[in-house]
Amino acid sequence: MTENAGPGTAAADGGTGAHAGARTRTALRICPLCEATCGLTVTVAAADGGGGGRAGRERITAARGDRDDVFSRGYVCPKGALFGELDGDPHRLTRPLVRRGGELRETGWEEAFAAVAEGLGGVLADGDPRAVALFLGNPNVHTVAGALYPPLLLKALRTPNLFTASTLDQMPKHVACGLLYGDPLAVPVPDLDRTDHLLVVGANPVESNGSLCTAPDFPGRLRALRRRGGTLTVVDPRRTRTARLADRHVAVRPGGDALLLMAMVQVLFAEDLVGTGPAGAHLSGVADVARLAADFAPEAVAEACGVAPEEIRVLARELAAAERAAVYGRIGSTAVEFGTLASWLVDVLNALTGNLDRPGGAMFPLSATARPPRPGPGRGFATGRRRSRVSGHPEVKGEFPAAALAEEIDTPGGGRVRALVCVAGNPVLSAPDGARLERALAGLDFMVSVDPYLNETSRHAHVVLPPPRPSRSPHFDFSFNALAVRNQVRYTRPAIPLEEGERGEDEILARLVLCAAGAPGADPASVDAAVVRQTLAAAVADPRSPVHGRDPAELEGLLAGEGGAERRLDLMLRLGPHGDGFGADPDGLTLAGLLEHPHGIDLGPLRPRLPEVLRTPSGTVELCPEPIAADVARLRRSLADRRTGPGGLVLVGRRHLRSNNSWMHNLPGLRGGANRCTLHVHPDDAARLGLADGALARISGDGGAVEAPVEVTGAVRPGVVSLPHGWGHDRPGTRTPVASAEPGANVNQLLDGRLLDPLSGTAVLNGFPVEVAPADAPAGPSGTAGRPRVTHGTRHPADTSN
Ligand SMILES: Nc1nc2c(c(=O)[nH]1)N[C@H]1C(S)=C(S)[C@@H](COP(=O)(O)OP(=O)(O)OC[C@H]3O[C@@H](n4cnc5c(=O)[nH]c(N)nc54)[C@H](O)[C@@H]3O)O[C@H]1N2
Ligand SMILES: Nc1nc2c(c(=O)[nH]1)N[C@H]1C(S)=C(S)[C@@H](COP(=O)(O)OP(=O)(O)OC[C@H]3O[C@@H](n4cnc5c(=O)[nH]c(N)nc54)[C@H](O)[C@@H]3O)O[C@H]1N2
Ligand code: SF4
Ligand SMILES: [Mo]
């Protein structure tokens with residue numbers, strides 16, 4: 001039996017895309033490329049086309065949607081369809097790189113881990129754990145290893161210096177949910193398939209395929225909503241593809257959402273439209289919210305948020321009138337100046353209109369690997385248990401702002417970060433002021449990157465450890481099942497076994513854990529074994545656990561799975577809310593049972609979960625938490641004091657369907673067309689500023705300046721320009737030639753890292769002030785002279801480092 005043989009996985013296939021006569025088979029693989037988690041059927045062929053079929057030579061020649069997948073039902077997007085190209089990218093690293101004499105050279109794994117043990121060990125030997133920082137990038141939420149090992153790595157490093165992509169993304173939502181529900185991971189999602197009215201705030205799921213809301217074929221689900229007579233409203237300063245599907249598009253002024261949503265709350269109270277519904281019994285602080293919102297009548301906010309008072313009233317009335325409605329916010333509501341307030345208001349609106357925790361509203365999914373709920377009051381959620389060394393940023397969910405990583409490295413003094421472990425991250429492009437971060441990285445005593453590419457960030461590492469191609473990794477959605485619009489569980493084993501000379505990312509990360517723990521020579525399996533033993537010891541001691549009082553050694557013996565990661569998955573499934581409890585519920589989930597269902601197991605529609613999700617001290621949904629109420633003063637100030645650049649311009653980002661953050665620009669099949677790094681400018685602004693379509697514009701911000709071709713389009717609101725992120729592939733020393741051939745500009749160079757949402761430490765990546773001028777024009781009177789000038793195509797100081 002091949003590794004992932006199962007019904008429908010081992011059949012010979014027509015040989016789509018394979019050489020004539022080549023032996024092919026199909027396999028199942030959940031797509032790891034975005035949060036939609038579509039099931040794919042991939043065609044696997046021997047690369048040499050011969051009959052040898054040596055496992056090490058296999059490759060993916062085609063991918064299509066798995067029609068039998070219980071959740072995605074055959075859906076696939078252009079990225080998923082190109083899974084084979086992505087998987088087979090010849091520029092992926094296949095062997096570790098170690099820096100010797102200033103140059104990164106391919107080595108064997110033992111030599112690479114020895115270099116990590118030495119480099120990391122050298123810094124750790126000084127006895128100050130603060131000297132090592134950990135950066136975790138986005139793909140960690142898309143891999144099994146990224147879910148299972150980073151917490152252990154952090155623990156072994158004992159460092160307070162954790163930085164992740166969350167503070168470039170959704171941290172405001174975690175803070176809002178932490179304060180509201182007592183658990184930052186209790187994030188309600190719109191019950192997409194049953195709602196009658198969806199209000200989308202700052203999300204473009206038709207391009208992004210959805211985020212903090214896992215829903216394969218999000219666009220199809222939006223169309224279905226409209227077909228069943230429901231309505232879709234989109235709040236976005238750009239007329240996006242999602243906005244074009246909508247009944248109503250509200251072109252809010254960037255950063256104005258908190259004002260807009262606050263005014264909607266004011267209208268609900270003023271017009272007596274509040275009706276908290278079934279969740280009402282669990283809410284506290286409703287009257288306090290009314291008091292907070294009182295100053296924010298539509299007339300008071302209209303100018304600042306750019307939405308007419310009457311339109312704000314209509315938005316509130318429609319939300320209140322809908323039988324079942326949900327408000328859903330994403331990047332445009334989080335990575336903004338008032339991200340936590342806006343994220344909080346999204347849930348407040350759901351609660352006040354009776355839509356929190358009811359079918360068709362905003363609901364809490366229940367993942368199969370969730371820890372069993374603990375009813376009753378909890379300890380609540382707080383931030384600021386410690387402060388970052390340089391700027392004194394409060395810790396949030398154990399993290400400091402990604403925007404502060406550079407200063408923690410380049411600012412002298414005790415506790416300075418001297419070594420970095422970077423797992424699946426490219427902060428040089430994804431975080432503010434990459435030029436400064438690059439200079440900082442170049443000065444580290446030691447850096448290790450776990451990354452399949454030699455890119456803008458990993459090029460600074462002393463050791464690069466490449467994970468295998470996704471076809472050779474297993475897939476389970478530890479994160480996204482907890483954000484899915486339907487409860488379901490799916491697991492796919494690697495479609496192709498590891499080649500000789502490859503290491504699974506589980507093994508790579510387990511060995512990093514051992515290096516961090518000062519035991520580099522220990523068996524990586526011991527890392528998983530320790531977790532299993534600790535988890536079982538806690539479970540048998542817990543009176544609420546189905547295994548209370550049982551013998552942990554016996555339970556350990558019952559675990560199935562090939563390797564430590566699978567055994568841990570089995571353990572989590574069996575102790576999870578749908579699990580078999582090691583026999584307590586013979587029909588419950590186990591890994592073995594799940595493997596018998598290669599297309600997944602549907603666990604039904606979302607169900608109301610209040611109050612079991614609550615961990616607040618009061619045991620209620622605390623609708624008006626103190627830190628939020630305090631931040632409203634800042635919101636009030638913004639009514640008078642709007643932040644724009646000299647020409648009245650602010651910049652927002654955008655995503656393209658055939659891209660993903662910084663790391664898919666090296667695939668020819670995903671390049672070109674509209675997926676380009678151009679500056680969208682409204683025709684009025686273009687005329688005013690003398691910007692011709694296709695001409696190069698110079699964009700300046702607090703962190704520097706970049707150049708990009710202008711695309712004049714009515715799709716952006718006047719006063720708003722848009723530049724996508726993840727570009728700027730013009731550094732030397734990378735090994736992504738396709739990306740480098742058309743590098744684009746790094747939008748985050750416009751930021752200096754100081755502009756943050758204070759409650760969450762999240763960088764303001766949308767709605768920040770910029771100045772735009774034709775690239776050949778001299779700097780305007782307001783001038784950017786004296787500021788660092790980093791334009792694409794120009795070598796920065798750090799570029800001389802290798
Ligand atoms: N201006 C602006 N900036 C933004 C955003 C924005 O909207 N505007 N969006 C922000 C958001 S939402 C996010 S999530 C961040 C993302 O920030 P990052 O996570 O730092 O950036 P990515 O581009 O996702 O880089 C992921 C890295 O992981 C590597 N990788 C890919 N697959 C794997 C794998 O299987 N294993 C390992 N170990 N590595 C892998 C890639 O090669 C790449 O180096 O960017 C943020 N930056
Ligand atoms: N194809 C593709 N898919 C992706 C990604 C990708 O890079 N490409 N990245 C993945 C990641 S890491 C994430 S986090 C998700 C993000 O998922 P989404 O948030 O759905 O993605 P975006 O396309 O960035 O949508 C954000 C929208 O907010 C708008 N916006 C900007 N500022 C404001 C504002 O102040 N107010 C309002 N109301 N709107 C504003 C922007 O115009 C944009 O249309 O996508 C994921 N999926
Ligand atoms: S929407 Fe596309 S990229 Fe996202 S999981 Fe599905 S196939 Fe993959
Ligand atoms: Mo993200």
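Biologist: Let's zoom in on Arg221: is it buried or exposed?

Modeller: Quick caveat before anything else: this is a predicted model. With that said, Arg221 is buried, since its relative accessible area is 14% and the cut-off for buried is under 20%. Its side chain meets that of Asp193 in a salt bridge, at 2.8 Å from N to O. The two come from distant parts of the chain, 28 residues apart: Arg221 belongs to helix α8 (residues 218-227), while Asp193 is in the loop between β8 (189-190) and β9 (197-201).

Now for some other pairs. Arg248 and Glu311 also join their side chains in a salt bridge, with 3.8 Å between N and O. Here the link spans 63 residues, from strand β11 (residues 248-250), which holds Arg248, to helix α13 (residues 309-321), which holds Glu311. Both ends are partly exposed: Arg248 has a relative accessible area of 23%, and Glu311 has 26%.

Then there's Arg418 with Asp445, where the closest N and O atoms of the salt bridge are 2.7 Å apart. This one runs from loop to loop: Arg418 lies between α16 (405-410) and β15 (419-423), and Asp445 between α18 (434-442) and β16 (446-450), so parts 27 residues apart in sequence get tied together. Asp445 is partly exposed, at 40% relative accessibility.

Glu271, Glu299, Glu310, Arg313 and Arg317 are linked in a network of salt bridges. Across the structure, the count of salt bridges is 49.

What about contacts between domains? Take domain 1 (1-88) and domain 3 (191-369 + 616-633). Between these two, the salt-bridge count is zero, though four residue pairs are in polar contact. On the side of domain 1 that touches domain 3, six residues are nonpolar, two polar and one charged. In contact terms, nine residues of domain 1 meet 12 of domain 3. The area buried between the two domains is about 810 Å², and carbon and sulfur atoms give 55% of that. Of the area that domain 1 buries there, Glu35, Phe71 and Tyr75 supply 66%, more than any other three residues.

Terms used
Residues numbered from 1 in each chain as written. Chains lettered and ligands numbered in written order. Predicted model: local features only at pLDDT ≥ 70, side-chain atom pairs only at ≥ 80, totals over all residues. Heavy atoms only, no water. Domains from an automatic or database assignment. Contact = heavy atoms within 4.5 Å. Buried area = accessible area lost by both parts, 1.4 Å probe. Salt bridge = Lys/Arg side-chain N within 4 Å of Asp/Glu carboxyl O. Polar contact = N/O pair within 3.5 Å; in protein donor to acceptor, adjacent residues only side chain to side chain. Nonpolar A, V, L, I, M, F, W, Y, C, P; charged D, E, K, R; others polar. Helix = DSSP H or I, 4+ residues; strand = E, 2+ residues; numbered from the N terminus. Buried < 20%, exposed > 50% of the residue type's maximum accessible area, 1.4 Å probe, protein only.
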